[in-house]
Amino acid sequence: MVLQCKHIEKSFGENGILTNCSFHIEDQDKAAIVGINGSGKSTLMKIIVGEILADKGSISLTKNMTMGYLAQHQSVDKGETIFEELLSVKEHILHMEKQMRVMEKQMKSIHGQALDKLMAQYSALSEQFEQENGFALKSEATGVLKGLGFSEGDFSKKITTLSGGEKTRIALGKLLLSKPDFLLLDEPTNHLDMDSISWLETYLSSYEGAILLVAHDRYFLDKVVHKIIEIEQGKVLVFDGNYTDYTKKKEGLRLSALHAYENQQQEIKRQKEIISKLKSFNREKSVKRAESREKLLDKMHLLEKPKELTDKMNLRLNPLKTSGNDVLTITNLCKSFDSRILFHHVDLSLYRGEHVAIIGSNGAGKTTLLKIIGGLLSQDEGKVVIGSNVHIGYYDQEHQVLKENHSLFEEISHSYPSLTNTEIRNTLAAFLFTGEDVFKQVKDLSGGEKGRLSFAKLMLGQANFLLLDEPTNHLDMVSKELLEKALNLYKGTILYVSHDRYFINKTAHRVLDLQDQALTNYLGNYDDYIEKKEGRKEQLSIPSEPSRQSSSPKTNALLWKEKKEQEAKKRKRENDLRRTEEEITVLEEKNAALEEEMALPEVATHAQKLQELTKEMEEIKERLTVLYEQWEGLVT
């Protein structure tokens with residue numbers, strides 16, 4: 001065991017953050033801490049690494065274990081250049097290399113026993129150097145830097161010239177190169193583009209030590225972790241599996257708890273009615289029976305109603321009117337900044353009801369393209385034609401469309417002067433701005449608060465064509481899921497820029513990849529894009545086959561054999577599909593029967609029986625999830 005947290009509690013003033021939190025991390029665990037913004041994720045990480053003290057509880061770490069911690073904000077100022085700063089974590093290996101070079105020079109000028117002694121020392125040092133991977137150190141450092149998005153041309157840049165995001169990437173690289181036994185990462189995907197995040201996923205998935213991380217990137221969590229530590233209302237719950245497994249299990253637990261609570265409430269109501277009826281008979285025997293039932297009712301362990309999170313945006317996107325079928329037509333679009341070409345000869349058509357994602361590396365021009373379509377920037381060449389009855393709503397990741405000197409109330413009233421004071425307050429309340437919050441100035445808001453205000457304005461605009469630039473930035477997981485639901489219910493057209501692959505999977509009908517100054521179109525969501533992109537690479541790498549001669553007996557025999565193999569595969573696929581559908585039917589019927597059994601009054605008051613039924617239903621649901629995936633694979 002690498003880490004054990006026992007009964008951790010932490011408050012700031014009267015605000016309780018963590019309550020009786022207990023969990024452990026095993027030697028090769030890859031775990032994530034999740035929860036809404038402000039739930040205490042980073043606080044818990046800081047308690048583990050000793051940056052802040054818990055009010056109560058204990059932290060136990062394995063003795064002589066190396067630990068590396070990446071905070072959200074890093075200060076990296078020691079090295080002269082990026083490459084030197086990265087190598088600084090292997091200073092002892094660099095020192096060994098210098099010693100070896102010195103010895104090599106000395107060998108040229110000494111003889112006899114002195115040379116023999118020096119060669120023995122050199123041999124021992126060289127062996128140690130090799131064991132610590134010294135010969136591959138610079139190659140490994142190069143791979144880490146490139147994986148994190150630095151080009152070889154960047155390696156010689158001075159640390160003092162870098163942005164905060166670049167310094168954070170270097171801090172992450174230093175941790176990965178040092179390979180501690182226990183790696184703690186707070187938002188490691190911040191400041192990384194999609195290619196770098198994908199590289200990091202692969203790196204961490206094969207990492208030999210234990211990992212505990214905080215991240216809002218749900219796709220990343222699905223790829224890397226197999227344990228979820230959830231903080232909800234100060235308490236910790238641990239779930240085995242990745243993020244998607246966690247959401248399914250969490251929803252199953254919530255529904256089971258709600259079902260049990262409702263059943264118990266129905267039974268209490270029924271018992272009270274019976275008691276009232278027995279008392280109304282006004283006979284001694286009936287009164288005693290009523291009193292007996294009252295005693296049983298008083299002894300009943302009352303279930304708590306599952307709490308609904310109150311800090312959720314109430315986002316509803318409804319277009320005021322329907323647009324024409326042709327929403328957007330772009331022809332021969334070109335844009336450069338100074339001598340740098342972002343894109344040229346871009347053509348694009350967008351139709352009513354489409355949800356389209358634009359992806360690409362940082363600096364490729366995604367936001368610029370969105371701003372040109374929204375009329376916030378002008379193009380160098382080409383035409384942008386907005387269709388009939390199209391009303392654009394724009395969400396800016398930098399929130400530049402918000403007036404910094406406005407209060408929240410003024411920002412809404414200025415944009416929508418027809419709204420009454422009550423309507424403005426109700427709108428802001430729907431996005432969690434209540435009381436005196438409405439008089440805060442925009443410049444004093446956090447990134448997440450500015451995002452919520454922008455979504456409030458977007459909802460009020462009732463546009464039928466949404467342009468969204470990184471809409472999930474600064475949103476917690478609950479808010480992301482609410483946004484996904486709102487966009488999937490939206491009847492208008494959406495064009496958005498995002499690096500959130502989970503979000504793209506949930507909302508996109510089409511993916512546009514902006515790279516090499518051009519747009520490439522892929523139908524489907526992000527997973528479809530990856531599959532088709534890999535398919536294109538394979539097609540490009542497969543050499544063309546020589547033409548077959550139909551008259552050749554050998555070739556005909558091969559064709560016959562291939563045909564038989566294909567027919568056998570088809571029969572196997574059909575049999576697998578039939579067996580899968582039969583098992584799905586049986587399990588769905590069994591699940592329905594268990595639900596009916598749970599609704600029975602005698603079961604609803606029997607905690608152990610409820611627990612057994614809930615566990616059985618969970619097992620059925622998990623098996624059904626596997627079967628549904630198999631079924632989808634067999635029918636496509």
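Start by selecting A31: this residue stands opposite K227 in β8. The model is predicted; local features need pLDDT of at least 70, side-chain atom pairs count only at pLDDT 80 or more, and totals for chains, interfaces and linings use all residues. Residues are numbered from 1 along each chain as its sequence is written, and side-chain values use heavy atoms, leaving out hydrogens and water.

**Stop 1: strand β3**

Select residues 30-34. Strands here are DSSP runs of E with at least two residues, helices are H or I runs of at least four, and both are numbered from the N terminus. β3 pairs with β8 (residues 227-232) in the parallel sense over 4 bridges. Pairing requires at least two DSSP bridges between two strands.

Now colour by accessibility. Buried means under 20% relative accessible area, exposed over 50%, and partly exposed in between, with a 1.4 Å probe and protein chains only. In β3, 5 of the 5 residues are buried, so the strand is largely enclosed by the rest of the structure. K30, A32 and V34 cover one side, A31 and I33 the other.

**Stop 2: the open sheet**

Select β2, β1 and β4. These 3 strands form an open sheet in that order, with antiparallel pairing. β2 (15-25) and β4 (56-61) stand at the edges with a single partner strand each, so one side of each has no neighbour in the sheet. The twist averages 20° from one strand to the next.

Zoom in on β1 (residues 3-12), which pairs with β2 over 7 bridges. C5 has F23 in β2 as its bridge partner. Then show α1 (residues 41-49). This helix lies across β1, β2 and β4, at about 120° to β1. Axes are lines fitted to C-alpha atoms, for helices over the stretch in contact, and angles run from 0 to 180 degrees between N-to-C directions.

**Stop 3: Y490**

Select Y490, in the loop between α15 (477-489) and β16 (493-497). At 4% relative accessibility, Y490 counts as buried. Contact means heavy atoms within 4.5 Å. Leaving aside neighbours within four places in sequence, the contacts of Y490 include L317, P319, H355 and F465. H355 is 135 residues away along the chain, yet the two C-alpha atoms are separated by 9.5 Å.

**Stop 4: a lining to select**

Finish with α7 (194-205), α8 (218-224), β17 (510-515) and α17 (526-541). Each of α7, α8, β17 and α17 supplies at least two residues of the lining of the second largest pocket. A pocket is an open set of points on a 1 Å grid over the protein atoms alone, where a 1.4 Å probe fits and protein lies on both sides within 12 Å along at least five of seven lines; lining residues have an atom within 4 Å of a point. Of the 22 lining residues, D195, Y526, Y529, I530 and K533 lie nearest the centre.
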